[in-house]
Amino acid sequence: KQWYQRRVRGKAEVTERGCPSFERITLHPDSSDTGWGFSFRETSNGIYIIKRILVNTPADKSGRIKSGDEVLEINDQNIVGWKIRNVVDLIRTQPSGLVMVVRHYPDRQEAAAQQIVAYLELILA
């Protein structure tokens, strides 16, 4: 638990390529009705991973959330192990903004980008 508190509550650290880093990200609502602009999936060990970022939404405009990031906290609530319904309810009841702690994995983000490029090449060919 102390390791978690030190790493998550501190500033983002990037040590070397492929190593995870942690970051606290604040999202502010915009005037559109698109929500926060991200979707996620739950892993078998109760961690939520960002699947997709929608264009022109608070998540996209922040430029700091990427596909493959793990969401560990939302508004100072550790959501690891929560039921997905509770996480969605927490997100929906935050009209003034979201403060998320995410763990970035550069290798996952690179793999996601390569999949997107391969898909675009396939449909544009």
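Me: What covers the buried residues of α3?
Reply: In this predicted model, the cover includes β2 (38-42), β3 (48-53), β4 (70-74), β5 (77-78) and β6 (98-104).

Me: Which residues of α3 are buried?
Reply: Helix α3 spans residues 84-92, and V87, L90 and I91 are buried there.

Me: How do you know that the buried residues of α3 line one face of the helix?
Reply: Look down the axis of α3. The buried residues fall within an arc of 95 degrees, so they line one face.

Me: What does the face of α3 turned away from the buried side carry?
Reply: That face carries R85 and R92, both exposed. Exposed requires over 50% relative accessible area.

Me: Why is G68 called buried?
Reply: The cut-off for buried is under 20% relative accessible area. G68 has 8% relative accessibility, so G68 counts as buried.

Me: Where is G68 found, and how far is its C-alpha atom from that of K51?
Reply: G68 sits in the loop between α2 (58-62) and β4. The C-alpha atoms of G68 and K51 are separated by 6.3 Å, although the two residues are 17 residues apart along the chain.

Me: Why is I123 called partly exposed?
Reply: Partly exposed lies between the buried limit of 20% and the exposed limit of 50%. I123 has 46% relative accessibility, so I123 counts as partly exposed. I123 belongs to helix α4 (residues 106-124).

Me: What makes the nonpolar surface patch of about 440 Å²?
Reply: L120, L122, I123 and L124 make this patch. Patch members need over 30% relative accessible area. I123, at 46%, passes that limit.

Me: Which residues touch the most other members of the largest nonpolar core?
Reply: The core has 18 residues, and L27, F38, V71, I74, I91, L98 and M100 touch the most other members. At least two core residues come from each of β1 (21-27), β2, β3, β4, α3 and β6. In soluble globular proteins, nonpolar side chains tend to be buried together.

Me: What is I74 in contact with, leaving aside neighbours within four places in sequence?
Reply: I74 is in contact with I79, V87, L90, I91, L98, V99 and M100. Each of these has heavy atoms within 4.5 Å of I74.

Me: How many helices and strands does the protein chain have, and what pattern does the chain follow?
Reply: The chain has four helices and six strands. Along the sequence, the pattern is α-β-β-β-α-β-β-α-β-α.

Technical notes: Residues numbered from 1 in each chain as written. Predicted model: local features only at pLDDT ≥ 70, side-chain atom pairs only at ≥ 80, totals over all residues. Heavy atoms only, no water. Buried < 20%, exposed > 50% of the residue type's maximum accessible area, 1.4 Å probe, protein only. Arc of directions from axis to C-beta. Patch = residues over 30% accessible without salt bridge, like charges linked within 9 Å, V, L, I, M, F, W, Y side chains within 5 Å. Areas by Shrake-Rupley, 256 points an atom, 1.4 Å probe, with all protein chains shown as cover. Salt bridge = Lys/Arg side-chain N within 4 Å of Asp/Glu carboxyl O. Core = buried A, V, L, I, M, F, W, Y, C linked by side-chain atoms within 4.5 Å.
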